[in-house]
Amino acid sequence: MMKTITVSPATKAVLSAGLIAFALTGCGGSDGTNGEDGPDGIIGVNIDATSTLKATFTDASIVDGKVSVAFNLKNANGVAVLGLTKDHDLRFGIAQLTPVTEMVGTEGAKVEVDRGYQWQSYINSAKQPNASWIADGETNISPSAQYQAEVEAASKCVDCLVDNLDGSYSYTFQTNIAQVTDPISITYQADDTQRITLELKQPLITANAHYDFQPSTGLTEGIASRDVVSITACYTCHQPESLALHGGRRIDLENCASCHTATSGDPETGNSVDFTYMIHAIHKGQDRVTSTADGEVAAPYKVIGYGGGLHDYGKVMYPQKPAADCSACHVEGTNAPKDAALFNANKSDTACIACHTELASQQHVGVGTNCTSCHVEEGYGRSAKEAHGDVMKAYNETQTMKVVFSDVTVTADNKFSTNVSFTDASGQILPAEYIDDGSRIVMAWDSDKNYPTYQDASYSNRRIKLSEGTANTDNSWTLVWDKVTLPTDYVGKTFELWSAVTACFNHGGYGRPEVKLTACSADDIQTVEIKSEPYHFVMAASVIDDSQTAAVRRNIINTQRCQGCHNQEVYHYDNGVNCQTCHTADKTLKTDNTYPGGKKSTSFAFKAHSAEGHYLKHAGVESGTVLKTDCKTCHTADGIQLGRAADRVWRYGDIETGADVWMSSDTGACLSCHQKYRTDATVSHIESNGGIVDGMSEDDVHTRASEICSTCHTVERVTKTHGF
């Protein structure tokens with residue numbers, strides 16, 4: 001049988017072409033010379049499609065004042081980003097690191113003072129106050145004409161931007177920096193460090209870059225610089241997105257510093273927006289005051305932004321306590337910025353008057369603002385380093401002290417008892433006169449779980465003042481918890497002893513005093529918490545069971561992150577972050593007429609989640625400090641798992657009546673954030689999955705709760721829902 005083959009029209013065309021070529025070759029024809037190879041294709045992603053973006057300067061030059069730069073764009077995987085045009089939101093700035101001097105003193109007796117190196121932008125504009133942007137009755141402002149540093153937009157020049165079609169680009173500045181006379185005259189110096197900045201804003205991503213170099217040599221290393229702080233220090237308290245400013249287009253400190261120069265101000269308030277001044281004034285927050293002949297008055301730092309938006313930084317609650325600890329931002333040592341030590345140079349008064357204002361105290365009324373004429377090492381007054389260091393001496397010394405517990409027993413009448421003393425850095429027991437006997441020791445059991453319930457032992461009964469105990473001749477105290485009845489099954493439980501005890505110091509005063517431990521009976525003392533880890537142990541019938549290892553509480557929060565932002569003073573009882581010892585899930589409620597129902601939980605989770613500054617977008621607080629939805633700000637990797645503590649019961653206020661209601665474990669945990677915004681649908685969902693929102697007592701919750709939240713709300717889903 002003959003086999004039939006079906007050939008498609010496309011195949012016929014190919015075969016025909018092949019036969020024709022074969023025929024021509026067979027007849028002695030030629031197929032011609034080979035063509036030249038085409039250029040290799042560029043592997044890249046279009047700028048309008050990339051989800052990540054990084055800009056890097058590769059070169060710069062200045063010829064007769066004309067500035068040219070080269071840069072490339074890549075995504076997070078190192079792939080070239082193509083297609084940048086002048087019409088993208090692309091802007092460039094340039095500033096010079098200029099040695100600054102200032103004439104200070106009265107007329108006829110002025111002297112020139114070296115203020116060190118400061119950035120000065122070449123691109124500036126003169127701004128008059130816009131009266132329509134200033135609200136009627138606004139106080140603590142002095143509208144006045146100001147200069148403001150600017151950047152130039154690439155879109156204003158047809159041919160300044162050149163695309164090399166491989167992810168690399170070049171740009172020639174529109175500004176000739178050798179011809180800057182208006183509104184500020186800037187003299188270009190080829191031997192001075194120049195900083196070029198780039199900002200590129202896309203709808204969902206932003207790229208910033210900077211390039212420092214010395215035009216006369218082309219050097220980028222070993223040249224004058226002013227890198228004092230690192231943005232990683234800012235991230236100790238701030239989430240990165242909260243520092244994306246000016247509409248999210250500016251994210252690098254280097255770009256900020258070269259625009260927020262000493263000649264820049266806010267016309268609507270008259271306030272300087274110099275970077276050093278602005279940052280210190282903002283962080284002084286609600287504690288910023290100035291002195292007058294009649295005493296101290298509030299001096300909030302304010303800026304009225306573009307369009308008339310008021311930024312009142314007098315409402316800022318700076319969490320770093322003590323505020324005199326400059327190391328919160330000014331990190332020195334390993335991995336520190338190149339010029340980290342510059343903040344101790346005593347060359348500029350800018351930071352001084354930003355924090356302490358022009359009249360820092362009653363003794364300074366009418367003196368002026370030349371702080372460093374007196375306040376320098378070996379000067380008439382203490383330098384900032386000395387003065388701040390004196391404040392920190394008591395805090396630093398208490399970090400070397402220890403709380404020592406001994407003779408831990410359960411007495412014959414079932415009362416818990418211990419001896420306690422306090423040692424210095426060398427291990428010597430501190431004299432009792434230096435210890436504030438009005439401060440307390442707190443005890444608890446089940447510290448590995450959720451501490452005693454409030455109905456079993458309230459925190460007020462579990463804390464005891466040293467003065468309520470017996471002072472011994474060996475500088476120790478014997479404490480007996482008469483108000484606490486131990487549970488019948490206390491044997492084998494993990495106990496905790498935690499110190500909220502303070503030591504007494506003098507303040508230091510004026511001149512160059514010695515800050516040291518001082519008798520608590522003296523006048524004008526300060527008290528600082530002794531920093532010592534809680535003592536955990538397992539109880540036998542009457543003494544500690546040394547054969548047993550204390551159980552460890554589940555790792556929920558990273559307390560180092562808490563103290564990274566709050567430092568040594570969190571709120572009260574400032575010996576680390578041990579708030580949950582007292583602020584248990586079922587602690588009593590607090591009256592608050594601004595809250596639905598008029599009563600708020602006082603559990604640690606609720607207080608931490610709702611604290612001002614622990615940013616909650618939904619509530620409209622908009623403090624911008626951290627993003628509350630980023631649970632990893634405080635929580636450990638395994639700190640948000642549901643279903644781990646089924647016996648825990650939470651006390652809340654009914655959102656209509658304020659009456660006490662008790663909630664089941666996972667329900668209360670979630671509502672520590674969401675209680676204020678819960679709906680009937682929320683309640684229905686919780687109850688249909690075994691949760692309790694309306695318990696009449698802790699026992700009622702234990703009887704009825706059968707939560708299955710963790711079945712659906714896994715760690716993965718919870719983290720994804722909360723944005724990370």
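**Strand pairing in a predicted model**

Tutor: In this predicted model, 4 strands form an open sheet with antiparallel pairing, in the order S23-S22-S26-S29.

Student: Which strands are the edge strands of this sheet?

Tutor: They are strand S23 (463-465) and strand S29 (535-538), as each pairs on one side only. From one strand to the next, the twist averages 20°.

Student: How many bridges join strand S22 to strand S26, and why does that count as pairing?

Tutor: Strand S22 (residues 440-445) is joined to strand S26 (residues 494-500) by 6 bridges. Pairing asks for at least two bridges between two strands, so 6 bridges meet the cut-off. The two strands run antiparallel.

Student: What makes S2 and S3 a pair?

Tutor: Strand S2 (residues 54-63) and strand S3 (residues 66-74) share 9 bridges in the antiparallel sense. The cut-off is at least two, therefore they pair. In S3, Ser-68 is the bridge partner of Ser-61.

Student: How many residues stand between the strands in the hairpin of S2 and S3, and which residue takes a positive phi?

Tutor: There are 2 residues between the strands, and Asp-64 takes a positive phi near 55°.

Student: What does UniProt list for residues 54-220?

Tutor: An unreviewed UniProt entry lists them as "domain: OmcA-like N-terminal". In the model, this span is 0% helix and 50% strand, and its end C-alpha atoms lie 20 Å apart.

Conventions:
Residues numbered from 1 in each chain as written. Predicted model: local features only at pLDDT ≥ 70, side-chain atom pairs only at ≥ 80, totals over all residues. Heavy atoms only, no water. Axes fitted to C-alpha atoms, helices over the stretch in contact; angles between N-to-C directions. UniProt positions renumbered as here; feature names shortened; annotations may be inferred.
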